[in-house]
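Hello,

Here is the structure I promised to pass on. Please open it first, then read the notes below.

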Amino acid sequence: MKLTELQQTIKKVLKTNKTVRVVSFKVGDKKYWLKQTEQPRGFMRLLKPNPKNALKHEVGVLQYLNKMAAPCAILVAYDEDYLVLKDIGKTVNQWMRDATVDELQKKAILNDCALALAELHQLDLVHGRPAIRDMGWHNGKVRFIDFESKLNIQRLQWNKIRDLLIFIHDLYRNNLSAEMIESAVSQYRQYDYPAGGEQVWQASVAFIYKCRFLYTLFKPFYPIAGKDLLASLKLFEYLLFEHSRKEPET
């Protein structure tokens, strides 16, 4: 059987990149990423004893996500030792660092990210770590990579809350403006589906309020806080302020 141009290119890439875990290549004007089975060494062999099983699981996850039309990378080829994905464009954190992109465009990109997260949640799927480095953006379309959560999800609503909090935390961690962050959150909240964005947002605010003692505990470290702790403190401040704005229950 005659191989397609993509199959022929994959064979060449595998032959010339035997020890490279992830490599990009082009077929015509289309870009792809090839990811090979991890080859852990030394102590890491104990932590990752079955790299082929890990790759097999990732292929299975991607097949399911593609079948569900989830906003994720598209799997185009795979074997027991590799998988190939369509390029998803520049990652969002790269867009945010691009000095040639104005603030209005960056704001629009983040809004697209929030909508993509809401679309994922609408499908009753979660990412597990929706950081902007794990999102690609191209012409208004956002796709996720590196899903961390298993598809047999327990406590689905809690995992959606966790996704949203991690997303907001990462925006603060990347030192984005409050206006941009609030705009992205607004986009997520407005996404209408059963038990939708607004409900997840309100549950997130309630959760942070219950954990407000952590803010009190770590606030004294504000002047010396690193990126993660500083982002966490800002996340608490934002959601605690939103909680304070809620009308008292009658």
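Asn-175 counts as exposed, because its relative accessibility is 61% and the cut-off for exposed is over 50%. A word of caution before going on: this is a predicted model.

Asn-175 sits in the loop between α6 and α7. Its phi is positive, about 60 degrees, although Asn-175 is not a glycine.

Asp-146 also has a positive phi without being a glycine; the value is near 55 degrees. Look for Asp-146 in the loop between β6 (141-144) and α6. Its relative accessible area is 36%, so Asp-146 is partly exposed.

Gln-94 belongs to helix α4, residues 92-97. With 40% relative accessibility, Gln-94 is partly exposed. Gln-94 and Tyr-191 are 97 residues apart in sequence, and their C-alpha atoms are 26 Å apart in space.

Next, the helix pairs. Two packed helices are described by the angle between their axes and by the distance between those axes.

Helix α6 covers residues 156-173. Helix α10 covers residues 227-245. The axes of α6 and α10 come within 8 Å and cross at roughly 120 degrees. The two helices are therefore oblique to each other. Their crossing is right-handed.

Which residues make the contact? From α6 come Leu-165, Ile-168, His-169, Tyr-172 and Arg-173. From α10 come Lys-227, Asp-228, Ala-231, Ser-232, Lys-234, Leu-235, Tyr-238 and Leu-239. By class, the contact of α6 with α10 holds seven nonpolar, two polar and four charged residues.

Leu-235 lies in α10. Its relative accessibility is 7%, so Leu-235 counts as buried. Setting aside neighbours within four places in sequence, Leu-235 is in contact with Leu-165, Ile-168, His-169 and Tyr-172. Asn-17 is another matter. Leu-235 and Asn-17 are 218 residues apart along the chain, with 42 Å between their C-alpha atoms.

**Helix α7 against helix α8**

Helix α7 spans residues 178-190, and helix α8 spans residues 197-210. Their axes come within 6 Å and cross at roughly 125 degrees. That makes α7 oblique to α8.

On the α7 side, the contact is made by Val-185, Tyr-188 and Arg-189. On the α8 side, Gly-197, Glu-198, Val-200, Trp-201 and Gln-202 take part. The contact of α7 with α8 divides into four nonpolar, two polar and two charged residues.

**Nonpolar cores**

How many residues does the largest nonpolar core have? It has 49. Those with the most contacts inside this core are Val-92, Met-96, Leu-110, Phe-167 and Ile-168. Helix α5, residues 103-122, gives the largest share of this core, eight residues.

Phe-167 is worth a look. Not counting residues up to four places away in sequence, Phe-167 touches Leu-110, Cys-113, Ala-114, Leu-117, Pro-130, Ile-132, Met-135 and Ala-184.

There is also a second, separate core of eleven residues. Leu-6, Val-13, Phe-25 and Val-84 are among them.

Ile-168 links two of these topics. Ile-168 is in the contact of α6 with α10, and Ile-168 is also one of the residues with the most contacts inside the largest nonpolar core.

Best wishes

Notes
Residues are numbered from 1 along each chain as its sequence is written. This is a predicted model: local features need pLDDT of at least 70, side-chain atom pairs count only at pLDDT 80 or more; totals for chains, interfaces and linings use all residues. Side-chain values use heavy atoms; hydrogens and water are left out. Helices (H or I, at least four residues) and strands (E, at least two) are DSSP runs, numbered from the N terminus. Buried means under 20% relative accessible area, exposed over 50%, partly exposed in between (1.4 Å probe, protein chains only). Contact means heavy atoms within 4.5 Å. Axes are lines fitted to C-alpha atoms, for helices over the stretch in contact, and angles run from 0 to 180 degrees between N-to-C directions. Angles under 35 degrees count as roughly parallel, over 145 as roughly antiparallel, 65 to 115 as roughly perpendicular and the rest as oblique. A crossing is left-handed if the near helix is turned anticlockwise from the far one by less than a right angle, and right-handed if clockwise. Ala, Val, Leu, Ile, Met, Phe, Trp, Tyr, Cys and Pro count as nonpolar, Asp, Glu, Lys and Arg as charged, and the others, Gly among them, as polar. A nonpolar core is a set of buried Ala, Val, Leu, Ile, Met, Phe, Trp, Tyr and Cys residues joined through side-chain atoms within 4.5 Å.
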